Amino acid sequence: MNRRALAAFPVVLLFFACSRSEVATTRVVRFLMDAPCSITVVGAGKEVDGAIKAAFDRMADVDGRYTIHSNGAPLARFNALATPVTDHEIVGVVARAMEIAGQSGGAFDPTVAPLVEAWGFYGSNAGRIPSPTLLREALTATGWKKIAIQDWRLVKRDPRARIDLGWAA
């Protein structure tokens, strides 16, 4: 090869690398976990559709099991009725959340539900700034040491404790 051919080679390579070839993509958006969830896959067809469906099915399962807003869900029953949680996956996530709470000095706390509600993210106080009294009450009900895992069962040490794993699950 002569020098001109060698000098032209990077330019030709760049031209072909930058030329756009049309690649099929499949994008599906659903509302899960209180937010829009989007999955984009390079490709199309039944195999891609099946993979996207499987991913959304798993996310829906996680959403259904970890929600605190559906009366039948384990964490909702734990919060409202102090029903111990025995689902090993949920207990494992809470155990890890408790480790993180301890390591962070409580900055990441799985029992944050009373504060989240007080600040109006959900519940009866939606859209309002909490009073100092309401904040004090919420703070006294919050603290990762107010829950425990005993024999792979999540239990309350303080009946006021309520979990929200929105940051962890």
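Ala 51 is partly exposed, with a relative accessibility of 46%, and its place is in helix H2. In this predicted model, Ala 51 lies 9.1 Å from Val 41, C-alpha to C-alpha, although 10 residues separate the two in sequence. Helix H2 also carries several charged residues that pair through their side chains, including Lys 53 with Asp 57.

**Salt bridges within helix H2**
- The structure holds 10 salt bridges.
- One of them joins the side chains of Lys 53 and Asp 57 at 2.6 Å, N to O; these residues are four apart in helix H2, about one turn.
- Lys 53 is partly exposed at 47% relative accessible area, and Asp 57 is partly exposed at 38%.
- Arg 58 and Asp 61 meet in another salt bridge, at 2.7 Å, N to O.
- An α-helix has 3.6 residues a turn, so residues three or four places apart point the same way.

**A link beyond the helix**
- Asp 87 forms a salt bridge with Arg 65, with the closest N and O atoms 2.6 Å apart.
- This pair connects distant parts of the chain, since Asp 87 is in the loop between H3 and H4 while Arg 65 is in helix H2, 22 residues away.
- Arg 65 counts as buried because its relative accessible area, 18%, is under 20%, whereas Asp 87 is partly exposed at 24%.
- Through shared partners, salt bridges join Arg 58, Asp 61, Arg 65, Asp 87 and Glu 89 into one network.

**Helix H3**
- The buried residues of helix H3 (residues 74–81) are Pro 74, Leu 75, Ala 76, Phe 78 and Asn 79.
- Their cover includes helices H2 and H4 and strands E3 and E4.

Technical notes
Residues numbered from 1 in each chain as written. Predicted model: local features only at pLDDT ≥ 70, side-chain atom pairs only at ≥ 80, totals over all residues. Heavy atoms only, no water. Buried < 20%, exposed > 50% of the residue type's maximum accessible area, 1.4 Å probe, protein only. Helix = DSSP H or I, 4+ residues; strand = E, 2+ residues; numbered from the N terminus. Contact = heavy atoms within 4.5 Å. Salt bridge = Lys/Arg side-chain N within 4 Å of Asp/Glu carboxyl O.
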